[in-house]
Amino acid sequence: MCQKEKPGGYPVEEDPVLQSIRAAKTRLGMAQGNTLVVCKADLATAAQKRARFEKYLMWYGLLGAGFLLLSVLVSRSLASIALGLVGAAFVLLLSVAVYYPKVSAPPAAGKPAAKVEARGRGKR
Ligand SMILES: [Zn+2]
């Protein structure tokens, strides 16, 4: 995650955000085909950033849901409900600004897997 290629590290979990970033990169020809890992030095920061993202996601999710509910309640037309939907989706998208992937191996359980080490060294 810190743009350095290091042996070892903790793999991050695949999720929709990561998948769409990867799909976009593939389309732009920027995909490096590397496995994303978080190195040991960054584990604490990674956990902090992930927690921050999850907090934002929760609050934006609630905000978006509230916004959508309100637009459904006050609107009389399908178009304004659709607008509410777009607004709710936009609010959710704001949380992507602080997006950080989840590290799949918790530090407590953690020694870096040998398999990941081999993959992390590959390419370039
Ligand atoms: Zn790192």
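Which residues make up the largest nonpolar core? The legends below take that view after an overview.

**View 1. The whole chain is a predicted model.** Residues are numbered from 1 along each chain as its sequence is written. In this predicted model, local features need pLDDT of at least 70, side-chain atom pairs count only at pLDDT 80 or more, and totals for chains, interfaces and linings use all residues. The protein has four helices and two strands. Helices (H or I, at least four residues) and strands (E, at least two) are DSSP runs, numbered from the N terminus. Along the sequence the pattern reads β-α-β-α-α-α. Of the 124 residues, 11% are buried. Buried means that 20 or more other C-beta atoms lie within 10 Å of a residue's own; exposed means 12 or fewer, and partly exposed lies in between, with C-beta atoms placed from the backbone.

**View 2. Six residues form the largest nonpolar core.** They are Tyr-10, Val-12, Val-37, Val-38, Ala-46 and Val-103. A nonpolar core is a set of buried Ala, Val, Leu, Ile, Met, Phe, Trp, Tyr and Cys residues joined through C-beta atoms within 7 Å. Look at Val-38. Beyond its neighbours within four places in sequence, Val-38 is in contact with Met-1, Gly-9, Tyr-10, Val-12, Leu-43, Ala-46 and Val-103. Contact means that two C-beta atoms, placed from the backbone, lie within 7 Å.

**View 3. Helix 1 is hardly covered.** Helix 1 spans residues 16–28, 13 residues in all. From first C-alpha to last it reaches 18 Å, close to the 18 Å expected at 1.5 Å a residue. The expected span is 1.5 Å times one less than the number of residues. The count of buried residues in helix 1 is zero. Gly-29 follows helix 1, with a positive phi near 70°.

**View 4. Helix 2 packs against helix 3.** Helix 2 covers residues 43–74, and helix 3 covers residues 78–94. Their axes lie 8 Å apart, at an angle of about 170°. Helix 2 is therefore roughly antiparallel to helix 3, a term for angles over 145 degrees. Among the contact residues are Tyr-60, Gly-61 and Phe-67 of helix 2, and Ile-81, Gly-84 and Val-91 of helix 3. The contact residues divide into 13 nonpolar, six polar and no charged.

**View 5. Leu-85 sits in helix 3.** Is Leu-85 buried or partly exposed? Leu-85 is partly exposed, because 15 other C-beta atoms lie within 10 Å. Leu-85 and Ala-65 are 20 residues apart in sequence. In space, their C-alpha atoms are 9.1 Å apart.

Note on methods:
Axes fitted to C-alpha atoms, helices over the stretch in contact; angles between N-to-C directions. Parallel < 35°, antiparallel > 145°, perpendicular 65-115°, else oblique. Nonpolar A, V, L, I, M, F, W, Y, C, P; charged D, E, K, R; others polar.
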